[in-house]
Amino acid sequence: MNIQDYKGVFVFVQQVDSHISGVSYELLGKARELADTLNTEVGAILLGSNVEKLADNLAEYGADTVIVVDSEELKEYRTEPYAHSITSIVEKYKPEIILYGATAIGRDLAPRVSARLKAGLTADCTKLDIDEQTKGLRMTRPAFGGNIMATIISPEHRPQMATVRPGVMQRIAKRAGAKAKIEKPQIELTPNNKYVEVTQVVKKVVNKIDIMDAKILVSGGRGVGSKENFAILKGLADVLGAEVSCSRACVDAGWIEKDQQVGQTGKTVRPHVYFAVGISGAIQHLAGMEESDIIIAINKDPSAPIFDVADYGIVGDMNKIVPILTEKIKAEKAAKLGV
Amino acid sequence: MKIIVCIKQVPNTNEVKLDPIKGTLIRDGVPSIMNPDDKAGLEAALTLKERYGGEVNVVSMGPPQADAVLREAMAMGADKAYLVTDRAFGGADTLATSTTLAAAVKKMEYDLIITGRQAIDGDTAQVGPQLAEHLNIPNVSYAEKIDLDGKTLVVQRQYEDRYHTVRVQMPCLLTALGEMNKPRYMTPGGIFDAYRKREVTIVTRADLDVEDEKIGLKGSPTRVVQSFPKSLKAAGVKEAALEPEEAANFIMEKLKEKFIF
């Protein structure tokens, strides 16, 4: 392998139902920065059925070229046709870097591609930068449940590949009206033993905002004590226009849905205000929320590690404090409206 | 149905502590456990065996101490156990690990391979899909429900906001979500047999048909160049002696200061 032959920073653009996932825009932002450092271009890989119309959005957020593979076989995500498309694109365009979102799709697709290309892959990165000397990609990620950070390189193989946690990178300001060059390589998608059949797609009914998009989160942990007690947190969230999230313990206990979990095995959030209520603050949880602007912790245990990262820590009983706080905010809001 | 479950012995990362002075991991005294997602995968395999017959064999790659998780798996009900261990496998990243496991699994019979979605020490979720690729079989990740329909498996595959029902031909590989079930306990008779009567078959470098360039450190395209403790932001104000009413007022004040409402 002559690594000099590999040029360009590519992003696998995840789209579901022709809706581009937020992480893809974040990756384009990062790819733009890396490509500018390397003096090269950003390529967006867009796979799906009837998706070419999305190419302009990708240009506005940093793509120079959009490589589109449009096929009925790519309508729902399936490992094999997606992996085959990407490996074919790598063979043709030879990118030096490919970034994927560390999502339920990216974390399935990227390893399959890496094994097919015999290329290195680093999972769940939280930081990416270019080594000044070698011009190689430095990929930094948490390990041991978030206890340590490790920087990983793939010096002798191309492409260098990484999955990146959603919510960690920043998208660039929209470049309104930007256009990308469109490439449509011919890729044969012929079903074989590795093609699975998707017989049913069942969407979860979500009438709440994704916690990753919330400006304020009221988050509960084991200390909330029961499923019913989450109503207390919901009360506070409602008066603040906030969403409810939780730590892993609450998901394991069956109190709350997995999609509301913050942390190493849940989502990474950076809201304006993060209320940590009855959350001890295991390192795995902190990994998902410590970038929040303001952290307010309420916990009975004065030695809980959450107090080490909280901007404002209250040692006390959430069952008493939260309802009073909710009522006070409600009263004050009503007073402001002159009711 | 012949099922192979891949299991990993991991440090219980919930109990890993940082040395506050050196900033290094204190791993002494941290118990090793069977990786939780793998344990769920084993439970799923044992349930399939109960429903449809067959056998459940377990494979672990790791140091000699990983014998313990294989014995645990047998005490839960697994039939045969294989420990893939050799100094030549050391320093492997996920690609070299999956290549080694694939070489070991190729010598066994299987209709289905189950791995956990991810291990709690590395959290990569990569070895399962990579193993499937080396074996040239389909994989379905994030399985939360598995049923059999003839030679086809019907799998509920989880995504962030939905699930797919997927039909996949065997042989295939699935990665199991820890939430999919509650693993059974070992039985006293099972523990006795696992330690006194049953064998763990050792698989070494010499048993595998794989090139030196593809395993261990040499076979690993990625390399850790630096590791460092995570820096956390400094603690702020901590109020330990407020009455609930005062505490609520304190929070109100701070929210107002920051123009939250």
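This is a predicted model: local features need pLDDT of at least 70, side-chain atom pairs count only at pLDDT 80 or more; totals for chains, interfaces and linings use all residues.
Let me begin with the extent of the interface. On the chain B side, 79 residues are in contact with 88 residues of chain A. The area buried between the two chains is about 7,600 Å², and carbon and sulfur atoms contribute 57% of that area.

I turn next to the polar interactions. Between chain B and chain A, 40 residue pairs are in polar contact, with both residues at pLDDT 80 or more. The interface also holds 6 salt bridges. One of them joins the side chains of A:K328 and B:E245, with a distance of 2.8 Å from N to O.

Which elements of chain B supply at least two residues each to the side that touches chain A? There are helices and strands among them: α4 (127-135) and α6 (244-257), together with β9 (139-149), β10 (152-158), β11 (162-169), β14 (223-229) and β15 (237-239). Of the side of chain B that touches chain A, α6(B) gives the largest share, with 12 residues. Sorted by class, that side of chain B has 37 nonpolar residues, 21 polar residues and 21 charged residues.

Finally, I come to strand pairing between the chains. In chain A, strand β10, residues 148-153, pairs with β14(B). The sense of this pairing is antiparallel, and it extends over 6 bridges. To locate one position within it, please look at A:A150, whose bridge partner in β14(B) is B:S227.

Technical notes: Residues are numbered from 1 along each chain as its sequence is written. Chains are lettered from A and ligands numbered from 1 in the order in which they are written. Side-chain values use heavy atoms; hydrogens and water are left out. Contact means heavy atoms within 4.5 Å. Buried area is the accessible area (1.4 Å probe) that two parts lose on being put together, summed over both. A salt bridge is a side-chain nitrogen of Lys or Arg within 4 Å of a carboxyl oxygen of Asp or Glu. A polar contact is a pair of N or O atoms within 3.5 Å; within protein, one must be able to donate a hydrogen and the other to accept it, and residues adjacent in sequence count only if both atoms are side-chain atoms. Helices (H or I, at least four residues) and strands (E, at least two) are DSSP runs, numbered from the N terminus. Ala, Val, Leu, Ile, Met, Phe, Trp, Tyr, Cys and Pro count as nonpolar, Asp, Glu, Lys and Arg as charged, and the others, Gly among them, as polar. Two strands pair if DSSP finds at least two bridges between them.
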